[in-house]
Amino acid sequence: MRTQVGIVGAGPAGLLLSHLLHLDGIDSVVIELRSRQEIEATIRAGVLEQGTVDLLNSTGVGARMQREGFVHHGIYLRFGGRSHRIDFPSLTGGRSIMVYAQHEVIKDLVAARLEAGGKILFEVKDAAVYDLDTREPKVRYHHGGKLVELECDFIAGCDGFHGITRPSIPSRARREFTRVYPFGWFGILVEAPSSTDELIYAHHDRGFALVSTRSPQIQRLYLQCDPNDEVKHWPDSRIWEELHARLETAEGWRLAEGRIFQKGIIAMRSFVVEPMRYGRLFLAGDAAHIVPPTGAKGLNLAAADVRVLSKALAAYYATQDEQALKDYSATALRRVWRAEYFSWWMTSMLHRFHDETPFHHRVQLAELDYVVSSRAKAITLAENYVGLPLA
Ligand code: FAD
Ligand code: DHB
């Protein structure tokens, strides 16, 4: 089998790359470990930056998001029992964000690719990439009981943090940067009316909490927990007790309870590999970098990477000029490190660290107070949260 671009992984990065390449007349094959049903049901991120929204709209896959997503013009920072609003449009020249679940983006992209005759192979086993430093890189895998070799001009590693493409780069040709946080997030989905018109990021003595939403009937909430904790240790009563304690205000705000129908624990890390290229293999999204979720950047960075990569590939196929491909890693990494900084900063400011000193905690509170009282600092938060303009 042959294609121009072999794409490993049908997450947001792989699917969006395949879609963007198709619009430029470039052929690709996406291979995915899991079933279509599974990728369309995995609960993950929910906040889309303005630039991601614009990209989905301008490439024809934003119609359902426009109908069913929710535009938010700000967030609340809550600490010391009070809420402080950060208004995005007035701080960023009119930009905002969209709350629309990642698995809905996945459904829209899968539908668009299949409708256009795109090739997505689900439930592929034993994927491996070869000959990366030649002009004929290959992907080998088992599909439907057969061993297949896919010859490519280029391979895109879009297989997430635990994928096989990044480790296929010889260790002498990559450098990795890691920070693991001493906490995780306990996430729940709840059948309840929303308690707030915009997301609440709360810093509390007992730890961080986040109130997000999926629809007027379904709410998404998170609370800081031990990363090694287990869901079975969290009966509903304990979750509600913790959320009420961390979110309560002096202003009498009430959190609406409801039926919890999904629970999960997310580990938190910062990670970057440099460069994001080896020979004819290009990494994009979580395969190349991870951010802690506090800044809602993971999915958006994946989209930004593949936008840069698709343009570089389109330039190559139009003119045979490889310059944009040579620049891909440096161009993408500039945005990646900005998002790494922002996500680290939000995480550090909003969580409790078990080993922190009283001095450290006072400095955190001073930082929060500065964000909500200085326009300059509020702009820093807002312009990063809505997303810096795409390169
Ligand atoms: P992924 O979405 O990980 O997609 C990679 C795909 O590759 C997967 O479908 C996988 O099955 C496939 N794959 C892996 N290995 C192979 C293989 N060997 N062969 C073939 N296919 C393979 N971000 C936020 O901003 N907010 C959040 O609340 C948030 N929550 C998260 C919760 C969890 C549990 C996780 C894991 C991530 C979360 N993120 C969150 C991050 C965000 O979801 C990711 O940044 C985003 O999914 C990155 O997209 P991607 O396409 O690069 O990778
Ligand atoms: C959601 C996730 C995030 O990481 C975040 O910062 C805000 C919202 C969410 O899942 O809705």
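Author: In this predicted model, the largest cavity has a volume of about 90 Å³. The general idea is that rolling a probe the size of a water molecule over the atoms shows where empty space is left. The structure holds five cavities of 30 Å³ or more.

Reader: Which elements give two or more residues to the lining of the largest cavity?

Author: Those elements are α8 (298–319) and α9 (323–350), and α9 gives the most, with four residues. Among the lining residues are Glu 49, Lys 297, Asn 300, Arg 335, Phe 342 and Leu 388.

Reader: How do the residues of that lining divide into nonpolar, polar and charged?

Author: The lining of the largest cavity has four nonpolar, three polar and four charged residues.

Reader: Turning to the sheet, what is the order of its eight strands?

Author: The sheet is open and of mixed pairing, and its strands follow the order β6-β5-β14-β15-β16-β13-β17-β20. Because β6 (82–87) and β20 (289–290) each have a single partner strand, they stand at the edges, and one side of each is left without a neighbour in the sheet.

Reader: In which sense do β17 and β20 pair, and which residue stands opposite His 289?

Author: Strand β17 (residues 259–274) pairs with β20 in the antiparallel sense over two bridges, and Val 272 is the residue that stands opposite His 289 in β20.

Reader: Which helix lies across β5 and β6?

Author: Helix α10 (residues 358–373) lies across β5 (74–79) and β6, and this helix runs at about 145° to β5.

Methods. Residues numbered from 1 in each chain as written. Chains lettered and ligands numbered in written order. Predicted model: local features only at pLDDT ≥ 70, side-chain atom pairs only at ≥ 80, totals over all residues. Heavy atoms only, no water. Pairing = 2+ DSSP bridges. Contact = heavy atoms within 4.5 Å. Axes fitted to C-alpha atoms, helices over the stretch in contact; angles between N-to-C directions. 1 Å grid on protein atoms, 1.4 Å probe; cavity = no way out; pocket = protein on both sides within 12 Å on 5 of 7 lines; lining within 4 Å. Points joined across faces, edges and corners; volume = space filled by probe spheres on them. Nonpolar A, V, L, I, M, F, W, Y, C, P; charged D, E, K, R; others polar.
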